Amino acid sequence: DFVCSKIIARYKKEFENIEKQYAKILEPVGLMVVADEGYSKYHLAEDARFTYKKYGKYLTSDIRAYLELRAKHYENFFCKDSLTVKPYRLAQRIGDYEQFLNANNEFKYENEVKDLLFSYALIYAFTTDRADTIFINKKLFPKSDKKFLKTYTNSKFKPMFEHLLESKDGITAEDFDK
């Protein structure tokens, strides 16, 4: 019993140190470290204090939906002119953010979402991976374009995706602006 209590105390102290160490990093993104009785000693979990409250006030539904969207698309997607995700993951981001904007007309961070949408669309249309087969299989882009058109039927980006699908040369800057 004495040995077991020492091991439990050691794990508890180790957990408290891990919890303190990562609290400042994880709290802004709505996560926290929790003790785990199963396979691992601890794991990440959603921090309800962040999700449901912020500075003593409940989050509005649009802010909560936005945070959930940001959490869904948290991964880095672009590095040195190349995609780090499959094309459809980036196209899905475009569709999800556009649907969010359409559903939340009065969102107070609307400009931020529009900036994200613009940058995602720009990168999707002009990434070097469209012409370069080293990093991503070239066939993934037409498949992605078709899947986007099928999934997001009411998208304002539909003309761009149709043009990308039909054109072997990609899209010009003028066409993109239109």
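With which residue does R70 form a salt bridge? In this predicted model, select R70 together with E112: the two form a salt bridge, and their closest N and O atoms are 2.9 Å apart. R70 lies in helix α3 and E112 in helix α5, so the pair ties together parts that are 42 residues apart in sequence. R70 is partly exposed, with a relative accessible area of 37%, and E112 is likewise partly exposed, at 34%.

A search of the whole structure finds three salt bridges. For another, select D96 and K72, whose side chains meet at 2.7 Å, N to O. Here D96 belongs to helix α4 and K72 to helix α3, so this pair ties together parts 24 residues apart in sequence. D96 is buried, with a relative accessible area of 11%, whereas K72 is partly exposed at 40%.

Next, select K114 and E110, which form a salt bridge with the closest N and O atoms 3.1 Å apart. Both residues lie in helix α5, four residues apart, about one turn of the helix. K114 has a relative accessible area of 41% and is partly exposed; E110, at 25%, is also partly exposed.

Return to helix α4 and select Q92. This residue counts as buried, at 16% relative accessibility. The Q92 side chain makes a polar contact of 2.8 Å with the side chain of R89. Leaving aside residues up to four places away in sequence, Q92 touches K72, H73 and Y152.

Now turn to the largest nonpolar core, which has 32 residues; L90, I94, Y97, Y124, F157, M160 and F161 touch the most other members. Helices α3 (61-72), α4 (87-103), α5, α6 and α7 (158-166) each supply at least two residues of this core, and α5 gives the most, with eight. Select Y97 to see its surroundings: beyond four places in sequence, Y97 touches Y66, L69, R70, H73, V113, L116, L117 and Y120.

Move to L149 in helix α6 (residues 140-151). L149 is buried, with a relative accessible area of 14%. Not counting residues up to four places away in sequence, L149 touches K158, F161, E162 and L165.

L122 is placed in helix α5 (residues 110-126) and counts as partly exposed, at 33% relative accessibility.

Methods
Residues numbered from 1 in each chain as written. Predicted model: local features only at pLDDT ≥ 70, side-chain atom pairs only at ≥ 80, totals over all residues. Heavy atoms only, no water. Buried < 20%, exposed > 50% of the residue type's maximum accessible area, 1.4 Å probe, protein only. Contact = heavy atoms within 4.5 Å. Core = buried A, V, L, I, M, F, W, Y, C linked by side-chain atoms within 4.5 Å. Polar contact = N/O pair within 3.5 Å; in protein donor to acceptor, adjacent residues only side chain to side chain. Salt bridge = Lys/Arg side-chain N within 4 Å of Asp/Glu carboxyl O.
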